[in-house]
Amino acid sequence: RTVIACKTNVVLRRLLDDAPAQSQRARRLFEAATPVLVTDVVLAEALWTLQGTRYRASRDDLVAVVIGLLEEPAVVFEDRNAVWSAVNEFADARPVMTAAGVRVLDFADALVVYKAIATAQANAWPYEGTYTFDKAAQALAGARAL
């Protein structure tokens, strides 16, 4: 079985349909029979771009994007279960008070923790936690304050 991968700009053209020629090519790529790998970096970059000042996507929008990609038959991930767990944590995250004000968990932070857990399990390593200074990320099971 073969797989192809794509960069963030291809995923964004597929999601946004904002550049007719490129969006059409991206759509055809995702509709082809060959699975399309969306790496963790590409997924995190796409969400970061969507929530930025140009597109201003809400948390709900970002959750819908990830769930939509999870539901696309052609899309594969480095670790589907880690992406699923991360999007659920991200969707349910509650604001926390930090020295810099109120913060809410980022999707990328949740993905980092769940990928660390999955990697430890796959290698039969005891997982002791993912250390972070980020108070919002510390709310995740598996995250530890440093």
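**Helix crossing**

I began with the handedness of the α4/α5 crossing in this predicted model, and that crossing is left-handed. The term applies when the near helix is turned anticlockwise from the far one by less than a right angle; clockwise would be right-handed. I then looked up the geometry. Helix α4 covers residues 59-71 and helix α5 covers residues 80-92; their axes come within 10 Å and cross at roughly 160 degrees. That makes α4 roughly antiparallel to α5. For angles, under 35 degrees is roughly parallel, over 145 roughly antiparallel, 65 to 115 roughly perpendicular, and the rest oblique. Axes are lines fitted to C-alpha atoms, for helices over the stretch in contact, with angles from 0 to 180 degrees between N-to-C directions. Helices (H or I, at least four residues) and strands (E, at least two) are DSSP runs, numbered from the N terminus.

**Ground rules**

I noted that residues are numbered from 1 along each chain as its sequence is written, and that side-chain values use heavy atoms, with hydrogens and water left out. The model being predicted, local features need pLDDT of at least 70 and side-chain atom pairs count only at pLDDT 80 or more, while totals for chains, interfaces and linings use all residues.

**Salt bridges**

I searched the whole structure and found 8 salt bridges. The test is a side-chain nitrogen of Lys or Arg within 4 Å of a carboxyl oxygen of Asp or Glu. Side chains of opposite charge can pair when their charged atoms come close.

One of the pairs is R13 with D18, with the closest N and O atoms 2.7 Å apart. I checked cover next. R13 counts as buried because its relative accessibility is 15%. D18, at 34%, counts as partly exposed. The cut-offs are under 20% relative accessible area for buried, over 50% for exposed, and partly exposed in between (1.4 Å probe, protein chains only).

R27 pairs with D17, closest N and O atoms 3.1 Å apart. This pair links distant parts of the chain: R27 sits in helix α2 (residues 20-31), D17 in the loop between α1 (8-16) and α2, 10 residues apart. Both partners are partly exposed, R27 at 28% and D17 at 47%.

R103 and D106 also meet in a salt bridge, 3.9 Å from N to O. R103 is partly exposed at 28%, and D106 is partly exposed at 30%.

**Surface patch**

Which residues form the nonpolar patch on the surface? They are Y131, F133 and L146, with about 410 Å² of accessible area together. Areas come from the Shrake-Rupley method with a 1.4 Å probe; for residues, only the protein chains shown count as cover. Patch members have over 30% relative accessible area and no salt bridge; like charges are joined within 9 Å, nonpolar side chains (Val, Leu, Ile, Met, Phe, Trp, Tyr) within 5 Å. Y131 belongs to strand β6 (residues 130-132). Its relative accessibility is 48%, so Y131 counts as partly exposed.

**Two more residues**

Is M97 buried or exposed? M97 is exposed, at 61% relative accessibility. I placed M97 in strand β4 (residues 96-98). Its C-alpha is 7.8 Å from that of K135, 38 residues apart along the chain.

V113 lies in helix α6 (residues 107-122). V113 counts as buried at 3% relative accessibility.
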